[in-house]
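This report concerns helix packing and charged side-chain pairs. The sequence and the structure are shown first.

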Amino acid sequence: MIVGNGGMESACGWCKDRWGLSWQITPRVLTDALTAGGAEAKRAFEAMMTMKKTMKKIDLAAIEAVRRG
């Protein structure tokens, strides 16, 4: 566990481990949506950018919803 052993959370899935190395945890549903391309990728990207401004964690339910249209 990166954060549980002395690390720190940051915005949009980013965190630092206890040694100060940065990591981004990217959920599979987000990666799949972005690599799908087209309108689905655009909706997923826009949803993710909204999350970046308002919360630290990526809302998986919201990403799944925009994937469906």
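The model is predicted, local features needing pLDDT of at least 70 and side-chain atom pairs pLDDT 80 or more, while totals for chains, interfaces and linings use all residues. Residues are numbered from 1 along each chain as its sequence is written, and side-chain values use heavy atoms, without hydrogens and water.

Helix H1 (residues 28-36) packs against helix H3 (residues 60-68) at an angle of about 25 degrees, their axes being 9 Å apart. H1 is therefore roughly parallel to H3 (angles under 35 degrees count as such). The crossing of H1 and H3 is left-handed. In this contact (heavy atoms within 4.5 Å), Val-29, Leu-30, Asp-32 and Ala-33 of H1 meet Leu-60, Ile-63, Glu-64 and Arg-67 of H3. Five of the residues are nonpolar, none polar and three charged.

The whole structure holds three salt bridges (a side-chain nitrogen of Lys or Arg within 4 Å of a carboxyl oxygen of Asp or Glu).

| Salt bridge | N to O distance |
|---|---|
| Asp-32 and Arg-28 | 3.3 Å |
| Arg-67 and Glu-40 | 2.6 Å |
| Glu-46 and Lys-42 | 3.9 Å |

Arg-67 in helix H3 and Glu-40 in helix H2 (residues 38-54) link distant parts of the chain, 27 residues apart. By contrast, Asp-32 and Arg-28 lie four residues apart in H1, about one turn of the helix. Glu-46 and Lys-42 are likewise four residues apart, in H2.

Relative accessible area (buried under 20%, exposed over 50%, partly exposed in between; 1.4 Å probe, protein chains only) is 63% for Arg-28, which is exposed. Asp-32 is partly exposed at 31%, and Arg-67 is partly exposed at 29%.

Technical notes
Axes fitted to C-alpha atoms, helices over the stretch in contact; angles between N-to-C directions. Helix = DSSP H or I, 4+ residues; strand = E, 2+ residues; numbered from the N terminus. Parallel < 35°, antiparallel > 145°, perpendicular 65-115°, else oblique. Left-handed = near helix turned anticlockwise from the far one by under 90°. Nonpolar A, V, L, I, M, F, W, Y, C, P; charged D, E, K, R; others polar.
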